[in-house]
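Thanks for making the time this morning. Please have a look at the model on the screen, and then I will walk you through one part of it.

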Amino acid sequence: MAFDREECQRLFEKYSKKLRLVPQWDVKLQFVEDPAWRKTGDIKIDCTDRKAILLLNADNPKQDSAEEVIIHELMHIKMYPLDQVTESLITSHFEEGTPAWNFAYTQFFTTLEQTVEELTKCFLLEFGEDREMSFGRCEKQKSFNELYDGLNNIQ
């Protein structure tokens, strides 16, 4: 299922304004046409120049809702100052590649993604045109019972 590019552009413009990113930021939507690109969305940010590019895989998305992906990626711009401060704290206190650095870095990015996704859901429920949550990634995961298939009981 491909995303409608005109609809994506319209949603991008709508949410760039609603999230109060423009006119303070120069933000553009760019469609990725590389079939090897495995993501649905991503963001490139130049905080110094207040520019950002939202990358969107409109031809081969891994999620159902373009609206949700666009809001999620734009939320990363809103969270970017906190993202950078936290990442700087990690890199200044732990030596890269050590178990402590790996733990802190993994926990930070996991928590960042969870926070951005939760903010996205809240925003969608309040302002979304399609308030149905996308379960694209979840549907591809193993069920709780499947995770335990083949494991021996510990006794």
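This is a predicted model: local features need pLDDT of at least 70, side-chain atom pairs count only at pLDDT 80 or more; totals for chains, interfaces and linings use all residues.

Residues are numbered from 1 along each chain as its sequence is written, and side-chain values use heavy atoms, with hydrogens and water left out.

Helix α3 covers residues 99-127, and its end C-alpha atoms are 41 Å apart, which agrees with the 42 Å that its 29 residues should span at 1.5 Å a residue; the expected span is 1.5 Å times one less than the number of residues. Helices here are DSSP runs of H or I with at least four residues, numbered from the N terminus.

The buried residues of α3, among them W101, F108 and F123, pack against α1 (5-18) and α2 (66-93), where buried means under 20% relative accessible area, exposed over 50% and partly exposed in between, with a 1.4 Å probe and protein chains only.

Turning to the rings, those of Phe, Tyr and Trp (its six-membered ring) pair if their centres lie within 6.5 Å, with planes under 30 degrees apart counted as stacked, over 60 as edge-to-face and the rest as tilted, and the count comes to 5 aromatic pairs. The rings of Y15 and F123 have centres 6.0 Å apart and planes at 65 degrees, so this pair is edge-to-face, and it links helix α1 to helix α3 across 108 residues. The rings of W101 and Y105, by contrast, have centres 4.4 Å apart and planes at 15 degrees, so they are stacked.

Conventions
Helices (H or I, at least four residues) and strands (E, at least two) are DSSP runs, numbered from the N terminus. Contact means heavy atoms within 4.5 Å.
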